[in-house]
Amino acid sequence: MPVNPELQGRVFAPTDPYLVGREKVREFGRAVFATNPINHDPAAAAAAGYSDIVAPPTFAVVVQESTLAQLLAEPDAGIDFSRVVHGEQRFSYSRPIVAGDELTATLSVTSIKTLGGNAMVTAESSIVDQAGSHVVTASSTLVVRGDA
């Protein structure tokens with residue numbers, strides 16, 4: 001089944017809030033070899049002006065993942081996960097993510113293009129904090145391979 005072109009413009013329900021834990025930030029930091037002390041040490045983060053340790057910039061994928069799961073589970077999407085390759089990832093921050101943030105993400109499908117039997121699905125996850133203020137927009141392009 002091909003990717004449903006009517007997905008373009010679809011906006012999904014906001015995810016349940018994600019509480020950013022200090023240990024999750026540290027684990028992620030170790031996984032991506034983040035060596036800046038503000039990613040691990042609350043005193044270093046406080047000295048730099050943050051309320052708690054700061055997540056590395058790509059940490060937003062942890063929150064974004066639940067929105068992409070909504071897209072992949074959509075019954076009429078026509079997206080076979082076994083044929084998906086991650087094509088591109090971008091982040092646009094209003095402020096860094098810090099431990100203690102409670103983040104909610106809303107996915108919108110911004111573009112669907114077909115090329116040579118493959119589909120390129122671009123989606124943006126707008127991530128806001130507990131006050132509703134924008135923190136980051138995570139944009140992903142998924143390449144869905146055709147049957148060729």
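## Helix α3

In this predicted model, the buried residues of helix α3 include Ala-60, Val-63, Gln-64, Thr-67, Leu-68 and Leu-71. Buried means under 20% relative accessible area, exposed over 50%, and partly exposed in between, with a 1.4 Å probe and protein chains only. The cover over these buried residues includes β1 (18-19), β2 (84-93), β3 (102-115), β4 (118-128) and β5 (134-144). Helices (H or I, at least four residues) and strands (E, at least two) are DSSP runs numbered from the N terminus.

Helix α3 takes in residues 60-73, 14 residues in total. From first C-alpha to last it reaches 20 Å, close to the 20 Å expected at 1.5 Å a residue; the expected span is 1.5 Å times one less than the number of residues. The helix bends by about 30° at Ser-66, the bend being the angle between axes fitted to the seven residues ending there and the seven starting there.

## Two residues

Thr-15 lies in the segment before β1. It counts as buried because its relative accessibility is 12%. Leaving aside neighbours within four places in sequence, Thr-15 is in contact (heavy atoms within 4.5 Å) with Ser-66, Thr-67, Gln-70, Thr-104 and Ala-105.

His-86 is in strand β2 and, at 48% relative accessibility, counts as partly exposed. Not counting residues up to four places away in sequence, His-86 touches Ser-140, Thr-141 and Leu-142. The C-alpha atoms of His-86 and Leu-142 are 4.8 Å apart, although the two residues are 56 apart in sequence.

## Overall fold

The protein has three helices and five strands, in the order β-α-α-α-β-β-β-β from the N terminus. Its C-alpha trace spans about 55 × 30 × 20 Å along the principal axes. Of the 148 residues, 40% are buried. Among contacts with a separation of 6 or more, 69% join residues 24 or more positions apart.

## Largest pocket

The largest pocket has a volume of about 240 Å³. A pocket is an open set of points on a 1 Å grid over the protein atoms alone, where a 1.4 Å probe fits, with protein on both sides within 12 Å along at least five of seven lines. Its lining consists of 15 residues, each with an atom within 4 Å of a point. Met-1, Pro-2, Val-3, Arg-145 and Gly-146 lie nearest the centre. By class, the lining has six nonpolar, five polar and four charged residues.

## Basis of the values

Residues are numbered from 1 along each chain as its sequence is written, and side-chain values use heavy atoms, without hydrogens and water. Local features need pLDDT of at least 70 and side-chain atom pairs count only at pLDDT 80 or more, while totals for chains, interfaces and linings use all residues.

Key
Points joined across faces, edges and corners; volume = space filled by probe spheres on them. Nonpolar A, V, L, I, M, F, W, Y, C, P; charged D, E, K, R; others polar.
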